[in-house]
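Hi,

Here is the structure I said I would pass on. Have a look at it, and then read on for what turned up.

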Amino acid sequence: MKTSCTLYTPRLFIMKNIHTGESMRPPLDVKKTLNLPQTQFSMKANLPQNEPKWLEKWEKMGMYEKTRKARAGRPKYVFHDGPPYANGAIHEGHALNKSLKDFVVKSKTMAGFDAPYIPGWDCHGLPIEIKVDASLGGKKLQMAPFDVRQECRKYAQKYLDLQRTQFKRLGVFGRWERPYSTMDPQYESVIVRTLFDFMEKGAVYKGLKPVYWCIHDRTALAEAEVEYAMHTSPSIWVKYRMTSDPANVDACLAGKKVSTIIWTTTPWTLPASLAVAFHPELDYVALEHEGEVYIVADALAKQAIEKIKLTGATESARFPGSKLEYSKFAHPFLDREILGVLANYVTTEQGTGAVHTAPSHGADDFNTGMKYRLDASSNVDAAGKFIQGLPEYKGKRVFDGNFDIVELLRSRGALMGSEKIEHSYPHCWRCHNPVIFRATEQWFISMEAPIEGVTLRQRSLDEIKKVKWIPAWGEERISNMIATRPDWCISRQRIWGVPIAVFFCESCGKLLESKEAHQAVVDLFAREGADSWYTRAPHEILPPETKCAHCGGNQFHKENDIIDVWFESGCSQAAVLEHEPELSWPADLYLEGGDQYRGWFHSSLLCAVGTREHAPYRGVATNGWTLDPQGRATSKSLGNGIDPVEIANRLGAEIVRLWVASVDFQQDVTVSQELMDKVSEIYKKIRNTFKYILSNLYDFQPELHALNFEEMLPLDQYMLLRTEEVAERVRKWYESFEFHRIYQQINEFCTVDLSNIYFAVLKDRLYTAAPKSPARRSAQTAVWRIGEALVRLVAPIMTFTSEEIWPFLPQILDRPESVHLAYFPQAGEITGKVPNLIYAQTLRADFDSLMAIRDEAMKPLEAARKEKLIGSSLEAVVTIHAPDSLYKLLERYQGELRYLLTVSGVEVKHASGGNGKTPLHVEVAKAPGQKCERCWNYSVHVGTNERYPAVCERCLAALEEIEQEQPA
RNA sequence: GCAGGAUUAGCUCGAAGGUCGAGCCCGCGAUCGAUAAUCGCGAGGUGUUGGUUCGAUUCCAACAUCCUGCACCA
């Protein structure tokens, strides 16, 4: 082993040779014989200026297409892009998500897969329609739906274009000039095709559902169109007499006159009252007062007694709410039986613990109604008028009816108390009138529809289990959602979307169920887009001879509702994966924010399982939310986010990308200007490491100068082994999408292993050894291989900088023109073929120990520095008192030690004490001799040579080699 | 209220039933041949309260705070 050190140990005969002055030529300029680093690769990145140039270059050369061609025929990796909503500029959440996707696609490409990336946009829907509404103002009412849709389309296209430009600016590679969009005719056609598939399987039905309804504008409102404002309502307590035997609830109540008391702020819903809800686990008490018994929740009894003046009431029984299920009550003024039901949403905050339930006028009430099979049809028309009922209120508008109904209750002796209450209440954001909940007809996809023998719900749950969820808890999360979700309400009373393109018979009103009609619509949409629904008459769309299956009628009218946009994006697996020849179904991966468990992951799953029986993805990964440094979610209203494009223009897109790589995206991630600045510092460090690598390869041509592994110095071999390990880990982490580990690893490797240690040690050899000496070539070989490996490993993340570095590395045969066309370093590629595994393991272990010893030696060196004994460590010589366990190792590498420690000399001694357990001890002394002006080491030989008096024995040897190289 | 997640150094991360660790930041130095660089040394931490254990930051249970989605305000 010791022989390896002789590579750069001076040989005496050379000294003699120079000493005798055989050469007659004048001495060299010693300083000029150094091989100091040189490179055109600039320290300063100027990312904001340079990145756009790269983008332009890539665009011109067709970079994305080249990556596709370079991987043609390789195994596919199908990543499917979730469509962002084409509304507004991109924010940090977009930057996070799209960068991650780019890491995936680029790393898969470099790992050897054919990994296309077709970005897409979600273009229909309420937010855009609302924005367009606002800009059109009153004009909209005069406009035909088709024209409104054109405005919406323009709006969506504008933001699609903006976002596309911004995503490209971040360095994301993809088929940007031909993205997919939910408003493409082809896509729109797939949406209706998918809808018809569901219909033809019998999975779609029309049913009732209470929605926010503005009686002034006579329209359904979306959640987003409702705003809360203070509103004064009546607040009344109403007696519901029990008609079933009270003994069934509690024996003590036998034979008594029993009622419960409900509290409500919407008396107008009482005509629709069908049930009273109790909480199954709450305690209820029976309060006896003046010969009557009233059932209320225990927790609210005191409050109720006060409000409805039951002073002196006594408790005659107590039981859980569950006892009241299926008890019967009388409606206070209608001839109707009221059912006792159980519901978990009953609270003890207000009221009596007995909640009047009108399924047609509340979401909770509706769900409870469904459970108990109560009728949910509405008795209130679009203008908010009662359609039928007692003369006291029939035909009145609901809010006006409040007063009359209260009076009616009073006259029937059912009113226990009444006051006014001011509370927060939903209002229409357009006309600012209070809104109501009203049951309307909507289209649903049944979760219980049979798919291949089991329900859509169960089939979906089964499919979830086959998917790899990253992180793993995603499986539980989406399973819980699918398991408990109600039927999917897919209709919206809107304009900007894809119509539920079905027809009804003019004469009998029944739905036209015809596969031929369906196909005609699908074909029409593929040709002309969904807009044609608004420009064409039914007979232009339907095949001739279309007849109603029920009455034989041949006149039809069109459905006006459109489809929920989640259904649209849920169709992307069909419209994109299936349709694009480059892609295939199912996808290998979806990667979106965690909000998409309820969104795209969910709707894609249902659409795919419902029509294709299987999940559309093999894997689903999620990224967390972006938070500000205080841990608050970033939002437009708080203004606590950052603009990724602004960062790109100030610090560079590379910094945004590096930030994305620096955080664990599976959790919520912090984002701030300060963080970006910090990442920017890390960037500089990594960049400088590369710069140093490049600057030492200016006279290195691998084909001519690279050494084989076994010819290299042990330290260089060791570093190649380490790099090999780093590459292996990084490749693995790309596979598991643990980009933050890559970032940490690369940062640490560059900082600690390379910059702090290896390059510090290597300087002496690279600078002072004869340029063509094996010692220097060994170092250069290692540096080159490390650079060539690192640049590829960081390329998916540092898209711009890796490409900038690429041409500065030595060109060798068959090297691709861009780093993004290259492959990751393969196993064994960096070290070449390690000839001897045992040798490698020994080397690895030896140097791990040597590095630890080096680390130990730094402390006494620093102490010496503090005492002004030395400045540079080359001013020192060191004595290592080694325990027996280390002595042999140190002796073996004796020749290397002074270089490893960057001191002018090392002596190794047995540690005194002799029990073998004495810890390592390092002594520092001022180096004897003088500083060599060439290599800065101290040596007693400096001044002993006549031609080169300022130089040490090592440099003399090097100079001799150099002189022999150069013609006189 | 329901479902899921998170909490480790000032920041970003990592580890593990056995003295926690890395980089950055910060402080103090060195160097002047990576120079708007580079190197060394130092300081600094497991949300709270219980439990299991010889030993808990790790396992368990509560609590607190934050994030996401959903529901609700009769």
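Let's start with helix H2, which covers residues 47-61. With 15 residues at 1.5 Å a residue, H2 should span 21 Å, and its end C-alpha atoms are 20 Å apart, so the two agree. Keep in mind that this is a predicted model.

Which residues of H2 are buried? They are Leu-47, Pro-48, Glu-51, Trp-54, Leu-55, Trp-58 and Met-61. As for what covers the buried residues, the list includes helix H3 (63-70), helix H7 (145-169), helix H20 (644-650), helix H21 (653-662), helix H22 (673-695) and helix H27 (799-805). Just after H2 comes Gly-62, with a positive phi of about 65 degrees.

In soluble globular proteins, nonpolar side chains tend to be buried together. Here the largest nonpolar core has 146 residues, and the members that touch the most others are Trp-659, Phe-739, Tyr-758, Ile-786, Phe-847 and Ile-880. Helix H25 (residues 739-768) gives the most to this core, namely 14 residues. Phe-739 is worth a click: leaving aside its neighbours within four places in sequence, Phe-739 is in contact with Leu-100, Phe-103, Val-104, Ala-661, Phe-665 and Tyr-734. There is also a second, separate core of 67 residues, with Met-481, Ile-482, Ala-517 and Leu-542 among them.

On to the charged pairs. How many salt bridges does the structure hold? The total is 68. A few to look up:

- Lys-140 pairs with Asp-133 in a salt bridge, with the closest N and O atoms 2.8 Å apart. Both Lys-140 and Asp-133 are buried.
- Glu-188 forms a salt bridge with Arg-153, where the closest N and O atoms are 3.6 Å apart. This pair links distant parts of the chain, since Glu-188 is in helix H8 (residues 185-200) and Arg-153 is in helix H7, 35 residues apart. Glu-188 counts as buried because its relative accessibility is 0%.
- Asp-197 and Arg-193 meet through their side chains in a salt bridge, at 3.3 Å from N to O. Both lie in helix H8, 4 residues apart, or about one turn of the helix.
- Asp-81, Lys-98, Lys-101 and Glu-592 are linked in a network of salt bridges.

Cheers

How values were computed:
Residues are numbered from 1 along each chain as its sequence is written. Chains are lettered from A and ligands numbered from 1 in the order in which they are written. This is a predicted model: local features need pLDDT of at least 70, side-chain atom pairs count only at pLDDT 80 or more; totals for chains, interfaces and linings use all residues. Side-chain values use heavy atoms; hydrogens and water are left out. A nonpolar core is a set of buried Ala, Val, Leu, Ile, Met, Phe, Trp, Tyr and Cys residues joined through side-chain atoms within 4.5 Å. Buried means under 20% relative accessible area, exposed over 50%, partly exposed in between (1.4 Å probe, protein chains only). Helices (H or I, at least four residues) and strands (E, at least two) are DSSP runs, numbered from the N terminus. Contact means heavy atoms within 4.5 Å. The expected span of a helix is 1.5 Å times one less than its number of residues. A salt bridge is a side-chain nitrogen of Lys or Arg within 4 Å of a carboxyl oxygen of Asp or Glu.
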